[in-house]
Amino acid sequence: MTTLNRQARRCAGLSVAIIIILIFALAGTNGLAQTADLHASTSGDSSSKDSSSNGNDAKDSNAKATAPPTQDQEISPAVAKQLAAMQAEIEELKALLKSRIAAESASTSPATPSPVAAPNSAATAVPNTKPVDASAATTTAPAGAAVETAQPTQANATEQPASSGPSVPFAYADWTWLNGTPRNKDAVWDSKFFTPEVRVDTHYIMDLNHPRDDTMGGSTEIFRSDEFQVEQISFGGNLHWQNVNARILTMFGMFGVTTPRNDASAGRGQWDLRGAYKYVSEANAGYHFNVNHGINVDAGIFVSYIGLFSYYNFDNWAYQPSYVSSNTPWFFNGLRIQWFPTEKLKIEPWIINGWQSYGRLGSKPGLGGQILYRPKPWLSLVFNNYGMGEDTLGNGNGQFGRSRIHTDDSAEVKYYDRPAQFLDKMAFSVTGDLGCEYGGNGTFTTAQGTTNYNNVNCHHNTAISHKQTFAGWMLYNRWWFKKDTYGITLGGGAMDNPGRYLTLLPPINGADAITGSPYFTQNPGDPYKAWDGSLTFDWMPKQYITFRTEYGYRHANVPYWTGRGGITPGVNGTPSTIPNPSAGSVIPGTTFVPGPYLSATPGFTCVAGVGGWCPDLRRDEPSIRYAIMVKF
């Protein structure tokens, strides 16, 4: 619109200049008075009225008595004709300018959204955007409504040819309502080279079991009770220039140590992989190819959307997601290729080191990929699959041939969208996961002194092999109020994981994924089932901040959650520093005696004895969560 205004002003200024020159040239010695009369004729007076007025002035003024009346009558109609033609051209330019302004105003009004790039969208193919995956964002569009943004208006369709380039993927609608996607519609600051991003997440968690050591387990989001903790401090952003792009986002705060402790790949081989990467959540770079609607080829550490929820809590409908999200990968390290054959489809293969791992745990890399399809502004479908990777740390340089396969599939539906109403939006997300491990050889001796087989399979227990599978689901519904100022989320899910290979190991006596724990075993065939639910209330006075209050309840069929006695020995001898070779060990004097099968150590019960120690584990964990989350 600025270009059109500038062109119109130039045309109008040129026309006025031509009029003035012609008036002075034709008026001759008639003086400025006659020029003023002629110029006044362009303001709507008729030629006959001008001629009559000029004649009366000639009769009444002695200074003009010498000017022949016939000459005035010959000049005035000619000048008036030319001025009238120029005035018509000016009016035509004004009309064209008004039509173009009206057309642009209509195309950018709230009823018809125009694309606004989301800095953290996995769906966007242009080099200066980046998946945090999940989508390109635009202003709000009614659910199910067809949104046209690339078509020129009828008034200028013949004068402004349509762009021959392909449209930006997923930019035809507003996707900020999605679970796992930041809701920011505007970038605080941007440039042709760099789009910055800053995130801060601070919380206060109240575990109603009130553990005396303030330590919580079984989560990738909540870790300490009755304390203020900074969950995330991240800064970085997207760099983009001439189809070359890079994304860097740091990770400080609790996430900087709690996420790496779930990766056992650092326990194979040399060099401190955890130390190298723990303060980085995303670090990748690559190239954008102008093929179809775009192809991105990136290598490095990038976020995983297996489990739908984002790694970053600001983007999610709930603070503590259910198990199929919390217990599945938050990041991958490897190569990612994003292909956008249409504006509604993304196909993304991965070649990665393994399942949320900085390095390989076995002899094979992990292969996988994502298909993201958004056929309507109110529907998003995502399908993630993973396979081949050997992701269990074993004996003999970490390799004993156990592979993992997993499928994770989600649908998100916005079934109500009334921006003018107090209840302005409703949507739900549903996710289902299936997976298993297979293979393995040899035997090992458990911490309780029994011999077990390494071999596992996807179907049933046998004399020399155990069923090792994962099945889970989660369902969340979200309500938005008062132009998205308030939000309420109700949801939860369940999981069944015999073998416990995706069950998060509690940090009992400093245990992590490398050390394991004799107090909570993860042997083939060990039973684990759990379910959870949560109710979340959000106050979002600005698009950059969320004040969140959440109540959650989690239950397991074996003792798992931290109880009043805590999970740290009284001497606190091996806190959960990373790495810590002595972590997870049995406190001297502790014994295990035969006990129930549904226990932290199936078939055995921990007995502290004289000088020993046993963790206080419970089957239930109610908690209240408060958080302030900011994203720029």
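**Close-up 1. Surroundings of Y560 in the predicted model.** Leaving aside neighbours within four places in sequence, Y560 is in contact with G218, T503, L504, P506, F520, Y528, L617 and R618. Two of these partners, F520 and Y528, join Y560 among the residues with the most contacts inside the largest nonpolar core.

**Close-up 2. The largest nonpolar core.** This core has 60 residues. Those with the most contacts inside it are W175, Y311, I508, F520, Y528 and Y560. Several strands and a helix each supply at least two core residues: β7 (295-303), α7 (323-326), β8 (331-342), β9 (345-352), β11 (379-387), β18 (469-481) and β20 (529-542). The top contributor is β18, which gives 4 residues.

**Close-up 3. A second, separate core.**

Close-up 4. The structure holds 7 cavities of 30 Å³ or more.

**Close-up 5. Make-up of the lining of the second largest cavity.** Helix α5 (255-258) and strand β6 (280-289) each supply at least two lining residues. By class, the lining has 9 nonpolar, 3 polar and 1 charged residues.

Definitions and conventions. Residues numbered from 1 in each chain as written. Predicted model: local features only at pLDDT ≥ 70, side-chain atom pairs only at ≥ 80, totals over all residues. Heavy atoms only, no water. Core = buried A, V, L, I, M, F, W, Y, C linked by side-chain atoms within 4.5 Å. Buried < 20%, exposed > 50% of the residue type's maximum accessible area, 1.4 Å probe, protein only. Contact = heavy atoms within 4.5 Å. 1 Å grid on protein atoms, 1.4 Å probe; cavity = no way out; pocket = protein on both sides within 12 Å on 5 of 7 lines; lining within 4 Å. Points joined across faces, edges and corners; volume = space filled by probe spheres on them. Nonpolar A, V, L, I, M, F, W, Y, C, P; charged D, E, K, R; others polar.
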